[in-house]
Amino acid sequence: MSQNSESRLLMLHKPKGYVVTRSDEKNRKTVYELLPPWAYDEGWMPVGRLDMDSKGLLLFTQDGRIADYLTEPGSCHKVYEVWVRGHVTPEQAVQMVEGVETSEGLLRAVRVEIKGGAGPKTRLEVELDEGKNRHIRRMFGEFKDPKFGTALKVLELKRISLGILNLDVESSKWRFLTQDEERNLLDS
């Protein structure tokens with residue numbers, strides 16, 4: 001067994017193009033291809049999801065209670081760096097915090113901060129306290145660029161933190177959490 005028996009959680013920096021599943025009927029690459037074989041064999045499961053087009057911090061555990069706690073709405077905040085095609089206005093950012101009606105119901109963010117941009121793109125930081133399917137992509141999709149009238153579209157989405165944890169491993173790499181990190185994450 002290659003695993004560190006003290007650790008109950010590991011962090012993976014998921015790149016784009018991988019699905020978060022144990023096996024894929026469409027034969028796409030799965031996150032388990034980035035982890036040692038024992039992670040699959042010993043039942044390490046992802047805590048939450050990142051869609052195929054998203055990247056960033058993804059935790060794994062063998063403990064279902066830990067997974068349930070960390071994915072329970074409000075248990076720990078998740079922060080994402082988001083690049084959007086189009087110009088996001090301060091009013092749209094406020095509306096996302098207040099709540100946006102989508103085909104999946106009302107979606108909201110805890111915080112939306114415009115960080116800058118380049119040409120027709122806007123860079124933002126978005127904080128969520130729960131993550132519904134394609135939450136951030138659906139929220140932005142409800143708005144239009146004020147100048148061109150085109151729908152805003154998320155081009156890049158990267159989870160950069162989860163609770164007290166910041167993404168600190170290179171793309172496609174993983175590491176075990178320290179006991180202090182686990183304790184602080186689970187006691188927050």
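1. Some ground rules. Residues are numbered from 1 along each chain as its sequence is written, and side-chain values use heavy atoms, leaving out hydrogens and water. Since the model is predicted, local features need pLDDT of at least 70 and side-chain atom pairs count only at pLDDT 80 or more, while totals for chains, interfaces and linings use all residues.

2. Start with α2 (64-71); helices here are DSSP runs (H or I, at least four residues), strands are E runs of at least two, and both are numbered from the N terminus. Its buried residues are Ile-66, Ala-67 and Leu-70. They span an arc of only 100° around the axis, so they sit on the same side of α2; the arc is taken from the directions from the helix axis to the C-beta atoms. Arg-65 and Asp-68, on the other side, are exposed. (Buried is under 20% relative accessible area, exposed is over 50%, and partly exposed is in between, with a 1.4 Å probe and protein chains only.)

3. What covers that buried side of α2? The cover includes β1 (9-14), β2 (45-47), β3 (55-61), β4 and α5 (179-187), where contact means heavy atoms within 4.5 Å.

4. Now look at α3 (residues 90-98), where Gln-92, Ala-93 and Met-96 are buried. Their arc is only 105°, which puts them on the same side of α3. Pro-90, Glu-91 and Glu-98 are exposed on the other side. The buried residues pack against β5 (100-102), β6 (105-107), β7 (111-118) and α4. Just after α3 comes Gly-99, with a positive phi of about 130°.

5. Two loop residues deserve a look. Most residues other than glycine have a negative phi. Arg-134, in the loop between β8 (121-128) and α4, has a positive phi near 55°. Ser-172, in the loop between β10 (165-166) and β11 (174-176), has a positive phi near 75°. Arg-134 counts as partly exposed because its relative accessibility is 36%, and Ser-172 counts as partly exposed at 29%.

6. Finally, the lining of the largest pocket. α2, β4 (78-85), α4 (135-141) and β9 (153-162) each supply at least two of its residues.
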